[in-house]
Structures are given as C-alpha cells and as structure tokens.
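Dear colleague,

Please find below the structure that I am handing over to you.

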Amino acid sequence: MEISWEESVTYSINTIYLLFSAYLVFIMQLGFAMLCAGSVRAKNAMNIMLTNVVDAVVGSISYYLFGFAFAFGDTSNPFIGTNFFALKDVPNTSFDYSFFLYQWAFAIAVAGITSGSIAERTQFSAYLVFSFFLSGFVYPVVAHWVWSSSGWLTAGSSNPLFASGAIDFAGSGVVHMVGAVAGLWGSLIEGPRVGRFDAFGKPMPMRGHNATLVVLGTFLLWFGWFGFNPGSFDKILVAYPSTTNQGNWTAIGRTAVTTTLAGSTAGIVTLFGRRLLVGHWDALDVCNGVLGGFVAITSGCSVVEPWAAIVCGFFAAWVLIGLNILAVRLNFDDPLEATQLHGGCGAWGLIFTGLFAKHEFVVQAYDSGDTSVVRPYGLFMGGGWGLLGCQVIELLVIVSWVSATMGPVFYALHRLRILRISADEEIAGLDISSHGGYAYNAHHDEDQPRFYADYMRMQDQS
C-alpha cells in the first residue's frame, strides 16, 4: 500500500528524531567510560576503559542475535518474545531499523552499570560472559514485560494490569535497577577490594584518580539523557486531538525540563548534604547526586509536572546518601556506587511515579492525548492505588528476576575461579597484570612495576 507524501514526511521526521535520540543515548557510553575511568585508581584505568568497550561490542552482538527478539518479538506472549531473532522480518509494520538501534543503545547501557559495581577486582573473561548474558537475555525479558505491547506489566496494553500497567517510561527499573541488582550480586559474591576495609571493618579511603574525567563524564551523561528520556516517545510528530497546538513535541520539551530539574535538585541537595556530613565541598559526590536525580526521574519524566521533578530529585539525593552510608557500615564495596545510585534511586523513581503521575500527561504519553481515556494515575494526584500497585510489583519482580538469573551466573563464575583476580594481581593493578601496562606513563604507585614484563619477572622471583 502506497503512503501519501504527508505520511512519508511525517515518517521521515519521526525516524530522524528517533535516530538522533539513539545517537545521544550511545554518547552516554562515552560518559560512562570517562566516569568509570576517573572513579577507579590509575592502575586500573586501562581495564575499566576496556570493559566499557567490551560491554558495547559484546552487547551489540547478543542484542542483535537474541535480545531484541526477547524484548519485542511475538505480540501474544506476555513473558518473552519469540521472533525477530537476528532481525529476521525487520523492518515490518511495527518496527524498523531505527527502533532497533535506539533499543540497542539502552541494552548496552545496562551492562555498563554492572561493570562499575565490580570494578578493580574482576577477571576480564568474566566481563565477556555476564555482559553477553545480561544484554542478550536478562534485560530483554524485563523490557518485554514493561515496554512490549504484549508485556504483562506494560501500560500500553489494551487490558493493562490493575487497569493501569507500570509506568517506567525510560527505564528507572527496566534499565537502571536491572544493571544495579546484577552489580549487587557481583559485588557481594566477589567481596570488597583488597584494602577497602581494615581488619576491624573500618573503611579505608580508596578514591578515584581523576576528578576531571568524572566531571566531564557526568556532563556527557547529562547530554545523553536528553536522548534517553525525551527520546523514549519514539515519535515527535503526534498531535493531541483535544488541543490546537500541542502534541508529542510539547511533552518531549516538558520531559527534557523535568529531567534537568530532577538532576539539578539532586546535585545541589547532595552538595549541601555531604558538606554537612564530611565537612567539605565534594565535586565527585555532587556528580553522583546529579546522576541519581536523573535515574530517579527516568521512570516518570513524561508524566509529572516540573515542580514534582524537584521533589523527585530532593529525595533521590537523600536515598543515595543514606544507601552509601549503609553500604559502608555493611562493608559493601561498589567503586562507582552503582548499586546504590542506579538501584536505590531507580527504585525511588518507580515509587515516585506511582505517587505523582498526572492523568493528563499519562494520557498524552500512552494514549496520544485522547482525553476520553480514563486510567489510574498518581496516588497523591487523586488517581488511586492502581498505578502505585503496578510500580511496586515492577520493583519486586525486577529484583527477583535479576537475582534469580544473574546471582547464579556470578556464583558459577566464582566457583569456576574465573570471577575474581588474585590478591597479587589486584595489588599490582589490572592494567599491568592483565592488559600489558598502565594507561599513563606516570603512576602514583611508583614502587609498582611499570610494564607487563616487569610484573611477570616479579612473579617468577616470588
């Protein structure tokens, strides 16, 4: 069937918008890489940069072969997709290549979150295994539940759970909690880094080596989030029938505003909160606070008022601060605070959406502005308990599913002795023991070997 010139123009503009959003989300990989590199010690910089590359390239293959099919295949199966493997029968009336590329950019971000949790002490081969499994199976199943039109939790279904479905617009749960829970199990099974806690359990300082990379990485992630959240509308040229001048372009602009306000609020609250706790202004803590605000608003970015985004960011900051304090007391070691940031703030984001989602905006995001549609919305906005119930269910099933899948994977890697490096290798640094040499010519640990050959010579002597 031929399409009209007007339809072809609309389709072209929507495709350009989605592709541009995909490129923005992919830029987040650069932000992740810089943030990770700056947050670890110099002797592990090469390793963490390589793992970020591996997350992208391995995730690309696994998502192409299996992931996209599990996430968006078979519109009749509420648990998992069963077609479109290796993009067979794509493009079609539902999906084209631009949609795949956009969803792929999300998939590879998940493994990056997990990599941060287990940084500085993990064998490189383990990254290959868990990255492939996480991007190709664990994450896509959750995406199918919440984002596929046939998923049992989706808000876009014709018969959604509790007449509502879960609203996780851009993935506070689907993306961030999945990566964080996987990282939680990896960190627990591996244990803390050598020297992170003394013999009495007292935490020892182990700061990253480059604050510049952390700050620049944060700004790149901020930039990419404008593709992550507003881009999740998929189409920009959708007019709302009850208005004369509003459409998805209006909601997209509002989503960018709520994203900015939540991140900014969380950043400034973290700045002053940490100042009260530690006695100085800490740029690195502020960067994590900003990211925590972004993670939290990602669920409800399209369905809340700008003032509500400020509320979201305020509490996200305290969630992050509180979980970091708890992690230290429990001797839990996550070099990038990824579990606390993406897991804790992601969970808060799901609950926040169930409390503050506005009916008008929910209809815009999920029913193209059709005001005749009535559905549950935020509890504090007068919308009842239906939406909040779905949000809590999403939170619980994500924790359960990722724990049931990734927990055994990390445990099996541990039992096979291919998860954690030896203490000697960790003390020397992964760069010298596994990757041929340090990322920098100068290194603050001057008593350590400079090249791989020197390291091997020391091993032979011992």
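A pocket, as the word is used here, is an open set of grid points with protein on both sides within 12 Å along at least five of seven lines. Please bear in mind that this is a predicted model.

Helices α1, α7, α8 and α9 (306–329) each contribute at least two residues to the lining of the second largest pocket, and α9 gives the most, with 7 residues. Sorted by class, the lining of the second largest pocket comprises 17 nonpolar, 8 polar and 10 charged residues.

The largest pocket has a volume of about 1,200 Å³. Its lining is made up of 40 residues, and F99, S232, F233, D234 and K235 lie nearest its centre. At least two lining residues of the largest pocket come from each of α1, α3, α4 (124–147) and α11 (359–367). The largest share, 6 residues, is supplied by α1. By class, the lining of the largest pocket divides into 18 nonpolar, 17 polar and 5 charged residues.

Salt bridges

Side chains of opposite charge can pair when their charged atoms come close. A search of the whole structure returned 12 salt bridges. One of them joins R274 and D285, at 2.8 Å from N to O. This pair links distant parts of the chain, 11 residues apart, with R274 in helix α7 (residues 248–278) and D285 in helix α8 (residues 283–297). D285 counts as buried because its relative accessibility of 12% falls under the 20% limit. R274, by contrast, is partly exposed, with a relative accessible area of 22%.

E426 is buried, at 2% relative accessibility, whereas R420 is partly exposed, at 22%. Salt bridges with shared partners also bring R41, E120, R193, R196 and D333 together in one network.

The salt bridge between E360 and K358 has an N to O distance of 3.8 Å. Here E360 is partly exposed, at 42% relative accessibility, and K358 is partly exposed, at 22%.

The structure contains 1 cavity of 30 Å³ or more. The largest cavity has a volume of about 100 Å³. It is lined by 14 residues, of which F32, L35, L336, A338 and H342 are the closest to its centre. The elements that give two or more residues to this lining are α1 (5–39), α3 (97–117), α6 (211–228), α8 and α10 (338–356). The lining of the largest cavity has 10 nonpolar, 4 polar and no charged residues.

In soluble globular proteins, nonpolar side chains tend to be buried together. The largest nonpolar core in this model has 116 residues, and those with the most contacts inside it are Y63, F68, Y139, W147, V178 and V402. Leaving aside residues up to four places away in sequence, W147 touches F72, Q103, F106, Y139, T154, D168, F169, A170, G171, V174 and V175.

With kind regards

Technical notes: Residues numbered from 1 in each chain as written. Predicted model: local features only at pLDDT ≥ 70, side-chain atom pairs only at ≥ 80, totals over all residues. Heavy atoms only, no water. Salt bridge = Lys/Arg side-chain N within 4 Å of Asp/Glu carboxyl O. Helix = DSSP H or I, 4+ residues; strand = E, 2+ residues; numbered from the N terminus. Buried < 20%, exposed > 50% of the residue type's maximum accessible area, 1.4 Å probe, protein only. 1 Å grid on protein atoms, 1.4 Å probe; cavity = no way out; pocket = protein on both sides within 12 Å on 5 of 7 lines; lining within 4 Å. Points joined across faces, edges and corners; volume = space filled by probe spheres on them. Nonpolar A, V, L, I, M, F, W, Y, C, P; charged D, E, K, R; others polar. Core = buried A, V, L, I, M, F, W, Y, C linked by side-chain atoms within 4.5 Å. Contact = heavy atoms within 4.5 Å.
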